[in-house]
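Trainee: I have a new model on my screen. Can you show me how to read it, feature by feature?

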Amino acid sequence: MRVRILASGSGGNLSLYEHDGFALLVDAGVDPGGLASRLRSVGADYTRPDALVVTHGHADHCAHARAYAEGAGIPTYMTDATMRVVRPASARHVFRYSAKEPFRVGPFEVRPCAVPHDVPQVALRIESDDGCAALIATDLGEVPAELRALLAGVQLAMIESNHDKHLLEIGPYPRFLKRRVGGPRGHLNNDQCAELLRNLPASVETVVLMHLSEKNNRPEVALDCAAEALSDRSTTLLAAKQYDRQLFDLVPRGREGATLAAPDVARVEAIARAIAAPSKRRAIEPPNPAQLALKL
Ligand SMILES: [Zn+2]
Ligand SMILES: [Zn+2]
């Protein structure tokens, strides 16, 4: 299975899972035309996904779901709650899924798990029929026990590391928004993400930190925190930025090679430097807006 992360964050979310000539898109934070040009820019041999699964009814995940289902005629899978937000005009290309039941899309088994957020939301475990598996879990305020169970056998774990608690506290958001983002139905902070990473199953070879806030986090802070949690194991660690282009090839376990992580040497070196830098987590300066832009 090949996994592409092409956008991650509050500006829009988009990841693709490819196997056996089938491309499954998760989340519609970018319209079909924008996706086609991104796929062309990364040299993909297709410009149109075969199916779309939407995780939840927030605009950065579902804004363009109707354009995929109705405009492009792509089979689109949503829960009832998301359907009420998206309001498709026709049921022709729309399929319901339950947050409690696994379902099949082409050569993939998609296993959802409800996670706490301020609208109904799911994490997804996506397994190709040759046994490769990836998990994407963003937009969750806390980690439920079921999510830990869902990580079993996963090679690539894409986990939200949305904000640093201190940067959120001193950052520009109004008080109500700080409470929402940092609350039990908001977004996962770096420490909560690290706590999950401390107990990852041995199958996980690559971790990508997702949905980083551009205002309340810094990639080097998130990576530093996650690296500490993963220090006793050999795991490739990366952070996705808002408009990213990362590619991962997963191969069935037991075969030569294991997971091949993003072959972008400059990025990997930048991340290695960030991880090697001394921890600044306990003494973060007040935020300089110019420094808050994601630089990786
Ligand atoms: Zn989101
Ligand atoms: Zn959300």
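Mentor: Start with a term. A donor is an N, O or S atom within 2.8 Å of the metal. With that, the donors of the zinc ion (ligand 1) follow the spacing D-H-x77-D-x71-H along the chain. Keep in mind that this is a predicted model.

Trainee: Which residues coordinate the zinc ion (ligand 1)?

Mentor: Asp 60 and Asp 139 each give an OD atom. His 61 and His 211 each give NE2. The distances are 2.1 to 2.2 Å.

Trainee: Which parts of the chain does the pair Asp 60 and His 211 tie together?

Mentor: Asp 60 lies in helix H2, residues 59-62. His 211 lies in the loop between strand S12 (206-210) and helix H9 (219-229). The pair therefore ties together parts that are 151 residues apart in sequence.

Trainee: How do I judge the geometry around a metal?

Mentor: Look at the angles. Four tetrahedral donors would ideally give 109.5 degrees. To count as tetrahedral, four donors need all angles between 85 and 135 degrees. Here the 4 donor atoms around the zinc ion (ligand 1) subtend angles of 94 to 156°, so the arrangement is irregular.

Trainee: How far apart are the zinc ion (ligand 1) and the zinc ion (ligand 2)?

Mentor: They are 3.7 Å apart. Asp 139 coordinates both.

Trainee: Where does Asp 139 lie, then?

Mentor: Asp 139 is in the loop between S10 and helix H5 (145-150). Check its backbone too. Asp 139 has a positive phi of about 60°, although it is not a glycine.

Trainee: Is Asp 139 buried or exposed?

Mentor: The cut-off for buried is under 20% relative accessible area. Asp 139 has 1%, so it is buried. Asp 60, at 13%, therefore counts as buried. His 211 counts as buried because its relative accessibility is 2%.

Trainee: What is the phi of Asp 27?

Mentor: Asp 27 has a positive phi of about 75°, and it is not a glycine. Asp 27 is found in the loop between S3 and H1. At 3% relative accessibility, Asp 27 counts as buried.

Trainee: Now the sheets. How do I read them?

Mentor: Begin with the pairing. Strands of a sheet pair through backbone hydrogen bonds, parallel or antiparallel. Then write down the strand order. One open sheet of 7 strands runs S6-S5-S4-S3-S2-S1-S14, with mixed pairing.

Trainee: Which strands stand at the edges?

Mentor: Strand S6 (94-96) and strand S14 (246-249). Each has a single partner strand, so one side of each is left without a neighbour in the sheet. Neighbouring strands of this sheet are turned by 20° against each other on average, direction ignored.

Trainee: How many bridges join strand S4 to strand S5?

Mentor: There are 2, between residues 51-53 of S4 and residues 76-78 of S5, and the strands run parallel. Val 53 stands opposite Tyr 77 in S5. Helix H1 (residues 32-41) lies across S1, S2 and S3, at about 120° to S1.

Trainee: What is the order of the open sheet that has S7 in it?

Mentor: S7-S8-S9-S10-S11-S12-S13, 7 strands with mixed pairing. Its edge strands are S7 (103-105) and S13 (236-239). The twist averages 20° from one strand to the next.

Trainee: Where are the bridges and helices?

Mentor: S10 (residues 133-137) and S11 (residues 156-160) run parallel, joined by 4 bridges. Ala 137 stands opposite Ile 159 in S11. Helix H8 (residues 190-197) packs on the sheet and touches S11 and S12, its direction making about 155° with that of S11. H9 touches S12 and S13, at about 160° to the direction of S13.

Definitions and conventions:
Residues numbered from 1 in each chain as written. Chains lettered and ligands numbered in written order. Predicted model: local features only at pLDDT ≥ 70, side-chain atom pairs only at ≥ 80, totals over all residues. Heavy atoms only, no water. Donors = N, O, S within 2.8 Å, 3.2 Å for Na, K, Ca; no water. Tetrahedral: all angles 85-135°; square planar, octahedral: opposite > 155°, others 65-115°. Buried < 20%, exposed > 50% of the residue type's maximum accessible area, 1.4 Å probe, protein only. Pairing = 2+ DSSP bridges. Axes fitted to C-alpha atoms, helices over the stretch in contact; angles between N-to-C directions. Contact = heavy atoms within 4.5 Å.
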